[in-house]
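Please look through the structure shown below, with its sequence at hand.

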Amino acid sequence: MTATYPQVLLKHRKPDRITTLAEYREAGGYEALRQVLTEMDRQEVKTRLSDALLLGRGGAGFPAGIKVQTVAEDAPFPRYMVCNADEMEPGTFKDRVFLHAEPHMLIEGMTLAAYSIKASHGIIFIRPEYESAARILEREIDIARREGWLGERILDSDYDFEIVVHRSGGRYICGEVTAQINALQGIRPNPKQPPPYATDKGLWGKPTLVNNVETLACIPHIVRNGAQWFKDLALSPEAAGTKLFCISGKVNKPGCYELPLGIKLSEIIETCCGGMKDGATFKACLPGGASTGYLTPDHYHIAMDFESLKKVGNRLGTGAVMVFDHHNCMVAATLNLTEFFARESCGWCTPCREGFPYLRDLLWRIENGQGGADFIPMMKTMCRHLWKSYCAFAPGGVASIESLLVYFEDEVMAHIEGKGCPFKK
Amino acid sequence: MPKLIIDNREIDVPAGTKVIEAAERLGIMIPRFCYHPALGSVGACRVCAVAFTEGPVKGVQMSCMIDAQDGMVVSTTDAEAVDFRRHVIEWLMLHHPHDCPVCDEGGHCLLQDLTVAGGHGLRRYRGLKRTHNNQDLGPLVQHEMNRCIQCYRCSRYYQEFTGYRDLGVMGIGSRVYFGRSAPGVLESPFAGNLIDICPTGVYTDRPSRYVGRRWDYQRQPSLCIHCSLGCNLTASARYRQVMRHEARFNGKVNGHFICDRGRYGYAYASAVNRPRQAMAAGTIGATADILAGAREAIEQTVERYGPVSVAVVASPRSSLETLAVAKQACGRHGWTGLAVAGTARQALNQKTAVDRLRPELAVSLAADTKAHDVLVIGADPLNEAPMLALSLRQVQRHGGHVTVIDPRGVRLPFDFDHWAVHPSSVGAIVQALIQEIGGGGASAPAISTAFDVRTLARRLNASPRPVVICGTDILTPREIDLAADLAQALCRTHKVAGLFFTLNSANTFAAALTHDASVSTEAVVDRIEDGSVRLLVAVEQDLWRDFPDRKRLQAALKRLDHLVLLDFVDSPLNHTADHFIPTQPLYESGGHWINQEGRLQASSAVMAGGEPIEVTGTLDHPPRVFDTRIPGSEPIAAWQAVAALSEESVENQMQLLKTALVDFHPAVNPAPAEAAGQRIDLHAISPARVESGVPTLPADEDAPADAIILLLVDWTFGTETLSAMAPALNKVEEAPAARLHPDTISRLGLEEGRPVTVTMNANRLKVPVQADARMAPGVMVIPRHHLLEWQIFGETRVILERSQLKAESA
Amino acid sequence: MLPEKLKSELTAQIGRVAHPREMAIDVINALQDHFGYFSDEALTQAADLLGMSPLELDELATFYTFIYREPVGKHVIHVCDSLICWMENGENLVAHLCGQLGIRMGETTADGLFTLLPVCCIGYCDRAPAILIDRKVHGPLTIESLDRLIDTLRENHS
Ligand SMILES: Cc1cc2nc3c(=O)[nH]c(=O)nc-3n(C[C@H](O)[C@H](O)[C@H](O)COP(=O)(O)O)c2cc1C
Ligand code: SF4
Ligand code: FES
């Protein structure tokens, strides 16, 4: 079914193993790198990325083309290329699926991005739960090095690039760029507010480019097929490229699907995922992980791309679609999400560190029949204030609560007035 | 100069000023927890939120994180900002134990103040409180983690500012914990500042625990007199007893902090054995009578043997007032003295340092932190002047570079170059440096290639702001002169070079202005021995502890006709002296001190004095005596006692003090009250070099080959006379030991851990041996520790022959 | 004590990188695998190897989910309790597991075989409900498949 849409990143995905270097080469792998190292100059790579309107796939949706441009020509060396494979956004597992399918696509993408900013050191920051992927990467990096696609004087050019895998100790905040850079330096991974920006003074005080796995994986294809081709992949005009959507929850066929940006939510659910489980009705979904707000049946046909979701005050995030049906209690769901943020808050700034446990307490009381009507304005104010936290963790964390109070206030009131959860009765 | 508007008031501030600081200049105190001027901004607590209504920044933002910029319009009273700050306070109070009634911070607690100011009066949160276990952090600092509001000040101060690595933050989220990996004594000798810097009661002053609320105390601006830096502090007294020291901000000297020697060194003032009554040969009498008796003795002695037979020695810890009156007395009556320094070398060292400290070179402790390159010669900052180490730490933090030329195993809380050279080669190296930078001077003898003089000279010469720091304890006048020459030579390459001396005591600078280098206590003892001095007046000069040859001293004192002692610390001599007058420590007398950079500073009296409850009982309530006079209030200011000895009628003592201060020294402002805080005009110090009857010092060079040099030195804790009497500090001081380079240990046939017995003119000192690979070979270092009877050597820098050392079996 | 072999390996690894600190987590993991958990002894050993103070290392060790500063069982079971696993009936799974092992969340079985810990979304929502046993993922789980898992682990030890 999904085959009707062009497959780029997962085209050669196999059920049980990765695409080997040989297979990857057959499919045209590393050609982009050869082309760049032999006949293309750095600026050209950067220009293509900008023209392709490639937006960061890690959640923030920042234009990759602009980011590479921000590394100053005369910036000091060594420069670092960090691949963010932390993927701890609840509901998200696209990087995992991809890494178990196309490690060389990532290696090539990283090398291209690194080349464009003259980075000599590459680091893949990976969460401990993905140990199998970490092993695969280390193995394939060695192979790539042996075949001359990595290491010193790649393809006899004057360009050297090494990649190492860095295993995290496991914390959600480590996915945030500045926290990740601290983590890599063996410092407590609290975020660090810019300036300076990582592309200016990042790892060990040197220019550092941080990109998500999926973002980097797109680069070889953009370099090879051009910006226009990439833009044409998307269904909506302002969007570009395909996206690895992770659909989980109350659908028949949860999983990771590569689909064009701009595809309708309804189509994802019905066509790709075989519709709702046991004929239940769609009640809501989170479009892009725990840090995004709920979409309701009103949004059922929304185009899934960065712009369209921004228009309805939401975010595409990581494209992790978590689907709820009419049996699910949205208060309980939001409580579960808030528990996550309370547990993972790094503890640096007050609103997040203390605010999430506070909000969790309020939601828990509502869910368990101890709530009061005054909780609702209280939570609204607190959520608003959590936006004034130190980093983007907290604003993401309150998204579900805020949208709960917008779209499901009746359900919340039902809990409060009924002194308990209507779904448990 | 950005111009901005805060709460409708306009202000210009230097570029780079944070909005929170700009507001402060307008007298608007924006709430803050994580922000501290010494630590800078990190934006963690979020309580400094204000609204930016116009200009480059918009919305509610943290005023500590944003630089003041042109056209900014800021409101601290904006409804959203106020409500946000209220919430921040509420969040911070979620887990706070509300134990203010039993919290020592209560009453001067920033959290308390901001909770009230923030309008968070009623608890809304119905969840449980998270609790923590506390740690035993040692005898100085009390830990109570449940009060913590996670401002991160302590970990940032401790690790970033002081450079120690045993206190920090652990855990995550709402469970972050500030403390050590395991309970134990804090390693930093600056740990006490945690108490001042913590905005609530997580770290409180342990010795003064539960003693009183801030408003119960008599509080006065005071000074630390436990080294020559003169750090400013606030002394708190209650029940006629000094209970606590806190750092007092002085931008020119100590900044926001003090060291633990200064913070906890006050116990001597209320020591149970502090002499509080006048005595004649051990029998208690009225102060007035004993004074009269002493005066009579003086007159008789003068009559029989002439004025020079009366000698006066004073102490470098005495106030300027005391030194001035004593100097005047000697001058008027032609008495011998005033002697302050212990030995000829020390007298010469101090005089040389003070004479060479030219105004264009002198820098302050605070200015040191701005230096780019620092060369430390013959000084051990952490042990001799602890806060200097903290200043140097800042130099290194700002990218500057510190090099230390010293034979000791110098340790500093940051990376620095250490040239562990034998004392006898220090001069040669400095000379070589001077030549390298084209300062001329005598050609330097060849020096070990281990030290890259050329590179160092280049760095210093190229540095936009080099500072030469020189000690005066272990060196000889020659090296001190050379250090000054070096600083001057650096000046020639037209840039600001600085010169900074450390001296041996709080008022040594003033003392050096009074005495001529030929009179030291040692010289006075000579004259006692040859019978030309028959009566000795020792003013707050603790001969027993400080004179480097106790046996010789005792013998000499026996030959005297009369011994007159004035002091506020106990000493066996007090009880045998013919006349003993109890004096007041600075907490009772107040006074002025001149620190090592020549800065004249005032210290107010904190309390009237009298028997403290330390003496009268269990610290619960002062004694219930009903009398018009305070029990134990006999001690008088030392300068008054001296005045009484010098003048028949002491009606107008004040007048006498005035003239004494006027005559004291042209450089010293007659009315210190006005001059206090300023560096005295060093121009007025006569540059005339010390000549008159300068004693010749034994040169190390002509020492036998197998000889080693012994240095008796200062340690952070346990050596400085007054602070060594503080029980709290006794608990953290290191046990005394003789330190040598491992090679020297084996060369001398000694053994690490085993004691060595050092013999000096038939006197013995037994002390355990410690190896220190960072030391220069051929050197032995022994602390002037209060637990050691080190006073057998006659000097604090002596040559020892192999035969004087004997290895002992443990 | 640390076996010389492991020690020299780690020293070599640390020697190869520009800044020892960047190896902190790897060294912690290695020592944790050796000691069974990141004990105080392990902490001091690791600190020495990395030239960090014990506190500096503890600042890191206590931050992360997969570093255990207290003793754990031979098998550490991390049960994902985030949204999807919870929605897919994870709660009952946990209850069942606790019953089976006779311990509560955060506890270790008397025989020292199992420690039960919650964990945030492990990135296997497409296989919910999922758990990690010794960092290996299992899911989607049913009560039956979970019991079988535990039984095989138990058998391996008897
Ligand atoms: C709390 C938090 C967690 C994040 N976690 C991740 C993550 O796990 N993986 C990721 O790629 N980006 C994550 N991000 C986004 C990164 O900060 C950053 O935007 C991204 O890695 C940049 O790469 P991109 O531009 O290719 O998306 C996170 C951001 C925040 C605020
Ligand atoms: S918002 Fe949360 S995660 Fe971000 S710095 Fe503050 S406490 Fe840490
Ligand atoms: S003082 Fe500004 S955030 Fe703490």
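An oxygen atom of ligand 1 lies 2.9 Å from an N or O atom in the side chain of Asn211(A), which is a polar contact, meaning a pair of N or O atoms within 3.5 Å. This is a predicted model, in which local features need pLDDT of at least 70 and side-chain atom pairs count only at pLDDT 80 or more, while totals for chains, interfaces and linings use all residues. Side-chain values use heavy atoms, with hydrogens and water left out, residues are numbered from 1 along each chain as its sequence is written, and chains are lettered from A and ligands numbered from 1 in the order in which they are written.

Ligand 1 also has an oxygen atom 3.1 Å from an N or O atom in the side chain of Lys67(A), and a backbone N or O atom of Met88(A) is found 3.3 Å from an oxygen atom of ligand 1. In total, 19 residues surround ligand 1 (each with a heavy atom within 4 Å of it), and the closest are Gly58(A), Glu87(A), Asn211(A), Asn212(A) and Thr215(A).

Around ligand 2, the surrounding residues include Cys346(A), Cys349(A), Cys352(A) and Cys391(A). By class, this shell holds nine nonpolar, three polar and no charged residues, where Ala, Val, Leu, Ile, Met, Phe, Trp, Tyr, Cys and Pro count as nonpolar, Asp, Glu, Lys and Arg as charged, and the others, Gly among them, as polar.

Turning to the helices (DSSP runs of H or I, at least four residues, with strands being runs of E, at least two), α13 (residues 350–367) of chain A packs against α14 (residues 375–386) of chain A at an angle of about 155°, their axes 11 Å apart. This makes α13(A) roughly antiparallel to α14(A), a term for angles over 145 degrees. The contact, meaning heavy atoms within 4.5 Å, involves residues including Leu359(A) and Leu363(A) of α13(A) and Met378(A) and Met382(A) of α14(A). The residues of this contact divide into 13 nonpolar, two polar and one charged.

Some backbone features remain. Most residues other than glycine have a negative phi, and most peptide bonds are trans. In chain B, phi of Asp7(B) is positive, near 45°, and Asp7(B) sits in the loop between β1 (3–6) and β2 (9–12) of that chain.

How values were computed. Axes are lines fitted to C-alpha atoms, for helices over the stretch in contact, and angles run from 0 to 180 degrees between N-to-C directions. Angles under 35 degrees count as roughly parallel, over 145 as roughly antiparallel, 65 to 115 as roughly perpendicular and the rest as oblique. A polar contact is a pair of N or O atoms within 3.5 Å; within protein, one must be able to donate a hydrogen and the other to accept it, and residues adjacent in sequence count only if both atoms are side-chain atoms.
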